[in-house]
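Have the structure open as you read.

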Amino acid sequence: MATPDESFYGGIKVFRGFSSLMDPTLYSPLPGDWSIGIADIVESTRAIAEARYKAVNMAGAAVIAAVTNALEGREFPFVFGGDGASFAVAPGDLDRAREALAATAIWVEENLHLAMRVALVPVAAVRAQGFDVCVARFGPSANLSYAMFSGGGLGWAEAAMKRGEFKVEKAPAGTQPDLSGLSCRFEEIPSARGLILSVLVVPARGADPRAFRKAIEDVVALVERSPDAGRPVPAGGPPLRWPPAGVDYEARAARGGSLLKRRSVVLALTLWAYVVMRFGIKVGNFVPKTYVRQLVENSDFRKYDDGLRMILDCTPELAAALAQRLADAAANGAVRYGLHRQDAAMMTCFTPSVMRSDHVHFIDGARGGYASAATALKAMVA
């Protein structure tokens with residue numbers, strides 16, 4: 001039976017309207033004995049410059065898949081950051097989360113040829129520095145909810161990880177995390193409205209909280225007035241082809257046998273899935289049209305984790321309006337921000353079961369995305 005702390009997240013009421021995300025009453029402080037998990041790719045900017053966007057996104061999503069599977073599907077708050085991920089776990093899940101992080105770090109190194117930093121930071125250590133970690137639950141659809149974080153604690157924890165504090169050591173070579181359900185079978189999603197805009201907005205140092213909140217609410221209001229709130233995933237779902245571009249990554253995420261054998265199995269499975277989806281073939285209780293509708297509704301294209309993150313399909317006019325509003329807010333000392341324009345978005349999926357409606361679909365820009373927006377943000381204070 002779960003302790004009160006372990007059932008804490010499930011007891012938080014889900015809010016539906018994204019425009020409410022800055023309402024502090026929606027956020028609940030994490031229990032003091034919880035820990036924050038942080039992971040990111042070292043030198044992700046270089047990987048992006050080498051056009052390794054899919055590998056970078058696969059690494060970030062792998063963290064969430066590995067921890068979810070290690071916790072046997074128990075609900076916990078997490079957020080996908082493009083080139084990494086953050087989450088929080090109860091003390092009873094700490095050891096499993098540590099093992100999953102350690103295994104994911106070595107898997108990323110050996111299979112994606114990227115270096116991943118991982119850390120577990122006690123919430124008590126964050127609060128000792130004057131920051132907090134509060135969490136809310138945003139429901140983009142009736143199918144599932146995503147975590148939102150506030151309080152400044154995630155930002156402090158990430159900075160501490162980059163200083164080498166609270167480090168989780170990599171598992172021994174050859175250790176394979178359980179990445180069941182992780183895939184990237186869809187093709188890039190071209191913009192339908194003009195461009196895909198990656199948006200990253202955080203408070204400026206010493207910013208007035210009211211001014212920061214107003215800036216975020218203004219940006220969200222601009223986006224909410226655009227078609228489908230800027231969602232980059234079309235109603236019919238992302239393009240699907242065979243063989244999919246992500247075959248090799250999915251094969252490397254699978255367990256059992258040689259890479260050649262795993263690639264062959266993935267090719268066979270993806271061919272079957274392509275035929276089912278392409279022709280809308282009902283298989284048992286699986287209805288492709290229903291799955292695609294849920295996929296669109298469940299796409300994680302906007303979030304808040306001590307800052308606003310969005311991947312938007314928007315017109316050049318909306319992109320210009322957002323850039324102007326953010327420039328004004330930056331000039332007034334309220335925000336720091338980064339924007340990155342590209343021609344397409346990309347999706348990485350975590351689908352433990354196609355028979356459930358809570359499959360998760362992480363969205364990023366296909367030409368740099370959040371990582372490039374973060375580079376632009378850093379350049380503001382360089």
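Six bridges join strand β3 (residues 35-41) to strand β5 (residues 84-89), and the two run antiparallel. Within this pair, Gly-37 stands opposite Phe-87 of β5. Two strands count as paired if DSSP finds at least two bridges between them. Helices (H or I, at least four residues) and strands (E, at least two) are DSSP runs, numbered from the N terminus.

This is a predicted model: local features need pLDDT of at least 70, side-chain atom pairs count only at pLDDT 80 or more, and totals for chains, interfaces and linings use all residues. Residues are numbered from 1 along each chain as its sequence is written, and side-chain values use heavy atoms, with hydrogens and water left out.

Now the whole sheet. It is open, has four strands in the order β4-β5-β3-β6, and pairs antiparallel. Its edge strands, each pairing on one side only, are listed here.

| Edge strand | Residues |
|---|---|
| β4 | 78-80 |
| β6 | 116-122 |

From one strand to the next, the twist averages 10°. Helix α5 (residues 153-162) lies across β3, β5 and β6. Helix α5 runs at about 60° to β3. Axes are lines fitted to C-alpha atoms, for helices over the stretch in contact (heavy atoms within 4.5 Å). Angles run from 0 to 180 degrees between N-to-C directions.

Next, the arginine. Arg-231 sits in the loop between α6 (209-224) and α7 (247-253). The side chain of Arg-231 reaches the backbone oxygen of Val-296 at 2.8 Å. Not counting residues up to four places away in sequence, Arg-231 touches Arg-193, Val-296, Glu-297, Ser-299, Phe-301 and Asp-313.

Terms used: A polar contact is a pair of N or O atoms within 3.5 Å; within protein, one must be able to donate a hydrogen and the other to accept it, and residues adjacent in sequence count only if both atoms are side-chain atoms.
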